[in-house]
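This report looks at how one protein chain is arranged. Please keep the sequence and the structure in view while reading.

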Amino acid sequence: MQASLDPKRPLIATALRGRPLPLAFVDLDAFDQNLARLLLPAQVHGKQVRLATKSLRCPALIERAVARSGGLITGLMTFSARETLLWAERGAADLLLGYPLAGPHDAQLLVQANRLTRAAAMIDAPQHVAWLAAAARAAQVQVPVWLDLDMGWRPLGGTHIGVRRSPLRTPADVVALARLVAEEPFLELRGLMGYEAHVAGLADEGRLASWQNPLKRWIKERSWPDIVVRRGQAVQALRAAGLCAADGSWACNGGGSGSVDRTAQDPSVTEITIGSGLLVGHLFDGYRGLDLAPSLHFALAVTRLPGVGIVTCAGGGWIASGSAGADRLPLPVWPAGCALLPVEGAGEVQTPIRLAAGLQLAVGDVVIFRPAKSGELAEIFNEYLLVTDGVGGAAVPTYRGLGWNAWA
Ligand SMILES: Cc1ncc(COP(=O)(O)O)c(C=O)c1O
């Protein structure tokens with residue numbers, strides 16, 4: 001699985017020698033292969049697919065996936081109001097801001113986006129309704145709204161397994177908030193999202209702390225019925241209360257790259273979100289039955305030879321967000337058998353690596369790494385070099401290269 005395209009790495013490393021480093025590249029063969037794999041369950045079960053922009057942050061790659069999806073990818077899930085407006089200005093057709101508004105200003109940005117396209121807001125609190133309603137009324141613009149149902153698993157009293165998302169957990173919770181939306185003439189309820197992060201985001205065979213793997217697999221298996229039942233009950237309750245759009249445009253979103261096979265089988269779900277599984281940051285390794293090929297990499301130049309068996313590269317300290325731990329560090333993957341030094345890790349200005357026994361590298365040689373997460377590297381590099389058959393071609397701008405700051 002993970003190593004299926006490895007034979008190309010020496011080729012690529014040679015091709016990159018002499019280019020200005022560091023650089024980031026995307027193996028398009030792997031990218032397209034991952035796309036086909038991730039779309040398959042949706043195809044089989046008659047679902048649509050939404051692409052999580054945060055997990056790519058490179059418009060050319062996002063548009064490539066949409067164009068090659070055979071019509072299955074019908075929309076984008078954005079991650080901030082400003083980014084949503086940038087996509088609306090670029091002409092995207094169906095946007096869903098997958099996270100709550102940060103204030104009235106965000107509501108205004110969404111209203112602006114809705115002057116150009118359909119851009120839905122995700123809500124889980126009366127305050128979100130108030131901000132949106134005020135902005136939509138002032139502009140006399142109709143704004144689609146979705147409810148975020150929390151899918152965390154609570155098997156016993158006080159335990160909560162999963163991420164901390166929405167306070168909406170029961171059918172009564174979603175119906176109560178949906179009624180507030182229904183009172184607002186410029187808001188229309190269009191969908192419900194229930195993102196099962198504790199299934200989609202947990203690898204079955206994590207590389208580090210592998211003693212936790214059986215527990216993770218148990219959580220995924222045992223929590224699944226709760227997910228299907230609660231998502232279904234929430235949709236049913238909204239329907240029974242007459243709060244779902246009656247024109248067939250009602251949608252229920254679930255899942256992520258790590259759960260496509262399961263989520264596609266949930267009868268309440270109409271669309272599945274995918275993203276990280278296209279570029280496959282190394283945190284996406286180790287999902288059983290999900291054969292994905294790493295496509296996003298970065299290359300560093302060896303700039304120093306500080307001791308026997310160790311070389312030091314320029315740059316590299318691009319640590320992924322989340323619960324801080326060794327799994328958030330980039331992973332050296334070429335030459336094979338290299339490893340970071342635990343005491344120094346991947347640094348702000350330099351990253352030393354220990355070489356496999358007997359291997360020698362010279363100043364100017366190339367070391368290839370994989371980032372831990374799929375989207376965040378696009379905030380470091382201006383562009384991604386596109387590689388096909390091990391040969392570099394065009395470079396495409398990332399959000400950073402386009403000057404897209406999602407937050408400001
Ligand atoms: C709301 C939501 N849906 C789906 C996903 C899954 O995205 P990916 O496929 O990139 O893991 C995420 C990721 O964090 C998310 O926040």
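How far apart do the C-alpha centres of domain 1 and domain 2 lie? In this predicted model, the distance between the two centres is 32 Å. The domain assignment places domain 1 at residues 28-278 and domain 2 at residues 291-401.

The two domains touch, and each of them, domain 1 and domain 2, gives 19 residues to the contact. On the side of domain 1 that touches domain 2, at least two residues each come from helix 2 (28-45), helix 3 (59-67) and helix 11. Helix 2 supplies the largest share of that side, with seven residues. The classes of residue on this side of domain 1 are set out below.

| Class | Side of domain 1 that touches domain 2 |
|---|---|
| Nonpolar | nine residues |
| Polar | six residues |

Next comes the ligand. Around the ligand there are 13 residues, and those that come nearest are S55, G256, S257, G275 and S276. Strand 9 (271-274) and helix 11 (276-279) are the elements that give two or more residues to this shell. The shell holds nine polar and four nonpolar residues, and no charged ones.

The last part is helix 5. This helix covers residues 104-116, 13 residues in number, and reaches 19 Å from its first C-alpha to its last. That is close to the 18 Å expected at 1.5 Å a residue. Its buried residues are D106, A107, Q108, L109, L110, V111, A113 and N114.

Key. Residues are numbered from 1 along each chain as its sequence is written. This is a predicted model: local features need pLDDT of at least 70, side-chain atom pairs count only at pLDDT 80 or more; totals for chains, interfaces and linings use all residues. A residue is near a molecule or strand if its C-beta atom, placed from the backbone, lies within 6 Å of it. Helices (H or I, at least four residues) and strands (E, at least two) are DSSP runs, numbered from the N terminus. Ala, Val, Leu, Ile, Met, Phe, Trp, Tyr, Cys and Pro count as nonpolar, Asp, Glu, Lys and Arg as charged, and the others, Gly among them, as polar. The expected span of a helix is 1.5 Å times one less than its number of residues. A residue is buried if 20 or more other C-beta atoms lie within 10 Å of its own, exposed if 12 or fewer, and partly exposed in between; C-beta atoms are placed from the backbone. Domain bounds come from an automatic or database domain assignment. Two residues are in contact if their C-beta atoms, placed from the backbone, lie within 7 Å.
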